[in-house]
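Good morning, and thank you for joining this group meeting.

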Amino acid sequence: MSTPVEVAYLLRRTGFGGREKEIGALGSLARHDLVEAVLTRPTSTPPVPECISDPDPGLEEWMRFELLGNWWFDRMVASSAIDVNTPSPIVERMTMFWHNHFATSAEKAYNVRAMYEQNALFRREALGNFRTLCKEMSVQVAMLVYLDNEYNTAGSPNQNFARELMELFMLGIGNYTEADVEAAAAAWSGHGLDYDENWRNPVYAFHPDEHDTQVRTFLGRTTVWDGPDTIDWILDNPATAPIAARFIVRKLWTWLAHPGAPSPVVDDLATVFINSNWEIAPVLHALFRSDAFWATTARQGLLRTPVEFAVSTYRSLGIETQHFSPQWPLAQMGQQPFYPPNVSGWRVNDYWISTSTATARADFIASALWTLMRDDGVNPSFLCDATGEGIGDHWVPYAERVPSAEVIPEVLRRFGVLEPSAGTVKALIDWHANYRTPPVDLWPWGERHFLATLVLLSPEFNLA
Amino acid sequence: MSQDHDDVREAMARLCVVDNTDEGWSRRQVLAAALAGGAAAVLAGNTALGTRAAEAASVGGNLVLIQLAGGNDAFNMLPPTTGTLATQYRRARSDLAITNALPARIGRGRPSGFGFHPAMPFVASQYRAGRVAVVRGVGYPNHSRSHFDAIATWMTGTTRGGMSSGGWIGRWLDTLPLPAITDSVQIGYSIPPHMVGLTRKADSLDVWEPGFGTSDDDSTQRALTTLDSFAASAESSGALAVRFAHTMSNTVALNRTVAPLYRQTPALDGEGIEQRLLLAARLLNAGLGIRVISTVHGDFDHHAGELGAHTDVLGSLDRGLQRFFSTLSPAMARRTTVMTFSEFGRKVHANDSRGTDHGRAGHLLVLGSRVRGGMFGTHPSLTRLGDWDDPDPTVDFRSVYASVLRNWLRANPRNILGASYPTLNLFRAAPG
C-alpha cells in the first residue's frame with residue numbers, strides 16, 4: 001500500500017501531478033509495484049499533428065510553431081498514469097528532459113518540421129537507448145542547423161557541434177582535450193544538409209567530398225573516424241564510459257529528485273546505466289525506487305518548472321489551450337518549449353525564483369482565470385452562485401455556511417496539494433474567513449478568483 | 001614603499017597604456033569624500049530615498065553591466081586602422097575585415113590607430129569626449145573556449161570553477177546593508193550567477209510593466225497580504241518553499257514601487273537592449289538606491305555569417321547606450337558607469353562559414369562621465385597565435401573587476417575576488 005501523499009509525490013515527479021482518481025487507483029500498490037506501474041504503463045506512437053502533416057499554407061512558420069507547442073502542451077495536460085488512451089506522463093516528461101538536454105532552439109532552427117522530428121525522436125527514445133538517441137539526434141536537421149555542423153567540412157572545420165557533443169551532451173567539461181575537439185570535428189565533417197533549389201526543405205545528407213578521412217587520435221584511440229564512431233567510442237571506451245554514465249545520471253537526478261546527487265547514488269545509477277548497455281528505463285526504475293528519492297531532501301527539493309506549473313494549472317482549472325494559449329506566458333515565465341535560452345538549456349530551482357518569474361506566474365494565473373470568466377461557455381461551472389447551482393467536477397460546492405476551515409483543505413486537495421504546511425492552511429483560512437466578513441466584496445466570482453490565485457501561488461503548489 | 005606596492009605599480013605600468021602613477025583617486029580625494037559622506041550613516045544602513053546623494057562619495061558609484069552573450073568579436077568591434085597591426089588584421093580577416101571603422105581618437109589627441117565598428121557612432125563620439133575606456137585583450141589563463149565554462153569564470157570572478165562561491169557582484173551585495181526595496185536589478189527573467197551571492201541575490205524586472213501586485217482595490221490588497229503570511233510560515237515545507245514564498249511577497253513590494261516607471265514616455269515598446277537600457281536609466285533616476293543593474297544582449301556567437309549579424313547587435317547596443325545616457329539625470333550621470341563583458345573574443349582568422357570561432361581574448365568597454373578615456377591593456381598579437389589560431393590574453397579580467405570594485409564601487413577587491421590583482425586606472429574622478 002502507498003499513501004495518497006506518496007502516490008501524489010511520485011506522480012508529480014514522473015509526470016505533471018496526479019488527479020484524484022489516479023491517486024485512488026494506484027494507492028493499493030506498494031512502492032516497488034507503484035513505480036513499475038507508472039513507468040511501464042503501455043504507450044503508443046502518436047499520429048503526426050496536423051500542423052506538420054497537413055499544414056495550412058496560409059500559416060506563417062511562427063504560427064505553426066505555436067500550434068506545435070500547444071500540441072505538445074496538450075499531450076502533457078492529457079497524460080494520465082492510468083488511462084492508456086492518453087499520453088504516458090513519464091514519456092512526456094522525459095521528452096522534455098531530452099529536449100532540455102540536447103537543447104535546440106527554434107529561434108535558430110526555425111523549421112517546424114525539423115523541430116517536430118527532433119521532438120518525435122525524444123518521445124520515441126524517451127525511455128529507450130541513450131546511444132541510439134545520441135546518434136539519431138546528431139544527424140537530424142534541427143541539430144545540424146542549430147550547432148552549425150552543416151558548415152563543418154574537412155577543408156574548413158566548424159567545431160561547434162563536436163565541442164558541445166562532448167561538453168554538454170555526453171561527458172561534461174574537463175573530460176576531453178582541445179585535440180579531441182579537433183578530432184571529433186573532423187569526424188563529423190561532411191555530415192550536412194541538402195536544400196532544394198529555393199534553399200528550403202533541408203534534409204540530412206552525407207557529403208563524402210567534405211568528409212575528413214585523416215587518421216586522428218580521439219580520446220586515446222588512433223584511427224580514421226566517422227562521426228557516429230565518436231559516440232560509440234565515448235560509450236565503449238572504459239576510460240570515458242563511467243564519466244558519461246555519471247554525467248547523465250547526475251542530470252537525471254537533478255531534474256527528477258533534487259540538485260546535488262549524493263555520490264553513492266550516482267555510482268549506483270551509473271553502474272545500472274552501463275550494465276544495461278545505455279538503456280534509460282532501468283536507470284529510471286532504480287532512481288524512483290531508491291531510498292534517497294523518497295527522503296525529505298528529494299521531496300522538498302524541486303520547484304515546479306514553468307511548464308509543470310502551467311500544465312497543473314490547466315488541469316486544476318479545467319481550461320484548454322484552444323481557449324487560451326500558454327505559449328506567450330510560458331515565454332514570460334522563462335520556459336517556452338522549443339525555445340531553450342541557449343545550448344546548455346534550462347536549470348532547476350533558484351533559476352526560476354526571481355521577481356520577474358514571480359510576476360510572470362501571477363500574470364499567467366490572472367489570464368488563465370480570465371478565460372473562465374468570459375462568456376463563451378468555457379467551464380461555466382466555475383461560476384456558481386450561492387446555492388451551488390451549476391457545479392462541475394472541478395470545484396467544491398459554494399455553500400455559505402460551510403466553515404472556512406473545511407473549505408480550504410478541500411480546495412487544496414482538489415488542486416493536488418496534499419501536504420500543505422500548517423502555516424499555508426491557516427493563512428488561507430484567515431483570508432477566506434475575513435473575505436466573507438461583511439462588508440463582503442459582491443463580485444459573484446471574486447471569492448473563487450482569489451482563492452484559486454492564492455492556492456496557485458502557494459509555496460506547496462509550486463513544489464514539484 | 002613595500003615590495004608589494006612596487007609590484008603593483010610595475011604591473012600597472014605594463015597594463016595601462018596611459019601613463020599615470022595614481023591609483024585612481026589621490027589620498028586627498030578619498031579623505032575628502034569620506035568626510036563629505038559620513039561613513040557612520042552608511043554603516044547604519046540608511047537607505048531612505050533621497051539621502052543617497054549626500055552619502056554618495058563615500059558609498060561609491062553605480063554600475064550597469066551589459067553581458068554580450070556568445071563571445072563578442074573584439075577585433076571587428078575595434079579594428080586596427082593603421083600600421084602593421086592593420087595590415088595583419090586585414091590579411092587574416094580577408095573579406096570579413098572592417099575597413100570603414102570610425103576613428104578612435106580623444107579630442108584632438110594622437111589617433112589611437114584603432115577605430116570602432118561603423119555601427120557604433122555613439123560609442124565613437126563618447127570616446128572622442130574622453131568618456132570611454134577600452135580594455136583590450138582581456139581573458140584569463142587556461143581558457144577552455146567553452147561558453148559555459150567561460151561564462152562561469154567571468155561571473156564568479158574566479159578560475160576555480162563551480163558556482164558554490166556565488167558571483168562577484170553577488171559577493172559584493174553580501175556586504176551591503178539590506179535594501180528597503182531593492183539595490184540590485186537584473187533586467188531579464190533569469191538571474192545570472194554574477195548577480196547571486198552567498199546570502200543576497202539581485203531582483204529581476206523585465207521590460208513589460210508588472211501587473212502583479214499593482215492593483216489598488218481592497219480585495220486584491222487583502223489577498224496579497226496572504227502571500228506575506230505564506231512567506232512567514234512555510235518552513236515545514238522546506239527551504240525551497242520558503243524562498244519561493246519570500247520571492248512572491250517581495251515581488252509585490254518591488255512591483256508597486258516601480259510600476260510608475262513603466263508609464264513614462266516614451267513607452268517601452270519592445271524587448272531589446274534599447275528598451276532594457278531605457279528602463280535601467282529610469283530605475284536609476286528614480287532614486288531607489290539601486291547600485292547595480294545588469295542585463296544581457298546578444299547573440300554574439302557568430303560562427304557563421306558574422307558581418308551582418310555583428311553589425312546588427314553592435315548597432316542596437318550603440319543605440320541602447322545612447323538612449324541610456326540621454327535619459328540618465330545629470331546627478332545619476334555623475335555617479336554611473338557602464339561596463340560590457342563577454343565570455344571571450346573570437347579567433348584571428350575567419351572560418352569558411354564567413355564567421356569566426358571562439359578565441360580567448362576580448363575587449364571590454366567602460367563608459368561614463370567619470371571614466372578615464374583611452375586604450376588600456378596591450379592589444380593581442382595577431383601573428384603569435386599558438387596551435388589554436390588564438391592569441392594570448394594580455395589582461396586578466398579580474399584586474400578590471402578589481403579596478404571597478406575598489407575605485408568605483410568602493411569595495412574591497414581582495415575580499416570579493418579572493419586575491420589581489422593589479423588595478424587599471426579606469427577612473428579620472430570619484431562618483432559625484
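This is a predicted model: local features need pLDDT of at least 70, side-chain atom pairs count only at pLDDT 80 or more; totals for chains, interfaces and linings use all residues.

Let me begin with a question: where in chain B is the place of B:D299? B:D299 sits in the loop between β7 (292–298) and α13 of chain B. The peptide bond that leads from B:G298 to B:D299 is cis, with omega near 15 degrees. A cis peptide bond also joins B:T265 and B:P266, where omega is about -5 degrees. B:P266 belongs to the loop between α11 (239–258) and α12 (273–285) of chain B. As background, most peptide bonds are trans.

For the complex, the predictor gives an ipTM of 0.92 and a pTM of 0.77. Chain A averages a pLDDT of 91, and 92% of its residues score at least 70. Within chain A, however, the pLDDT is below 50 over residues 377–399, a stretch that has 39 contacts in the model beyond near neighbours in sequence. For chain B the mean pLDDT is 82, with 84% of the residues at 70 or more. Among the elements of chain B, helix α3 (residues 39–43) has the lowest mean pLDDT, 31, while α7(B) has the highest, 98. Residues 1–57 of chain B have a pLDDT below 50, and beyond near neighbours in sequence this stretch has 71 contacts in the model.

Chain A has 23 helices and four strands, whereas chain B has 16 helices and 13 strands. Of the 464 residues in chain A, 50% are buried; of the 432 residues in chain B, 55% are buried. Among contacts with a separation of 6 or more, residues 24 or more positions apart account for 67% in chain A and for 70% in chain B.

What radius of gyration does chain A have, and what would a compact globule with 464 residues have? Such a globule would have a radius of gyration near 23 Å, and chain A has 24 Å, which agrees. Taken along the principal axes, the C-alpha atoms of chain A fill a box of roughly 85 × 55 × 40 Å.

How do the chains meet? In the model, 49 residues of chain A are in contact with 45 residues of chain B. On the side of chain A that touches chain B, at least two residues each come from α10 (160–170), α20 (355–373), α22 (422–435) and α23 (446–456). The largest share, nine residues, is supplied by α20(A). By class, this side of chain A has 19 nonpolar, 23 polar and seven charged residues.

The axes of α7(B) and α13(B) are 7 Å apart, and the two helices pack at an angle of about 55 degrees. Because of that angle, α7(B) is oblique to α13(B). On the α7(B) side, the contact is made by B:P121, B:F122 and B:V123; on the α13(B) side, by B:D318, B:L321 and B:Q322. By class, this contact has four nonpolar, one polar and one charged residues. Just after α7(B), B:G130 takes a positive phi of about 80 degrees.

Chain A has positive phi values as well, and here the residues are not glycines. A:N201 has a positive phi of about 50 degrees and lies in the loop between β1 (191–194) and β2 (203–206) of chain A. A:N201 counts as partly exposed because it has 14 C-beta neighbours inside 10 Å. A:L219, with a positive phi of about 45 degrees, lies in the loop between β3 (215–218) and β4 (221–224) of chain A.

Is A:V283 buried or exposed? With 25 other C-beta atoms within 10 Å, A:V283 is buried. Beyond residues up to four places away in sequence, A:V283 touches A:V249, A:L252, A:L269, A:V272 and A:F273. A:F273 is ten residues from A:V283 in sequence, and their C-alpha atoms are 5.9 Å apart in space.

How values were computed:
Residues are numbered from 1 along each chain as its sequence is written. Chains are lettered from A and ligands numbered from 1 in the order in which they are written. pLDDT is the predictor's confidence in each residue, from 0 to 100. Two residues are in contact if their C-beta atoms, placed from the backbone, lie within 7 Å. Ala, Val, Leu, Ile, Met, Phe, Trp, Tyr, Cys and Pro count as nonpolar, Asp, Glu, Lys and Arg as charged, and the others, Gly among them, as polar. A residue is buried if 20 or more other C-beta atoms lie within 10 Å of its own, exposed if 12 or fewer, and partly exposed in between; C-beta atoms are placed from the backbone. Axes are lines fitted to C-alpha atoms, for helices over the stretch in contact, and angles run from 0 to 180 degrees between N-to-C directions. Angles under 35 degrees count as roughly parallel, over 145 as roughly antiparallel, 65 to 115 as roughly perpendicular and the rest as oblique. The radius of gyration is taken over C-alpha atoms; the globule rule is 2.2 Å times the number of residues to the power 0.38.
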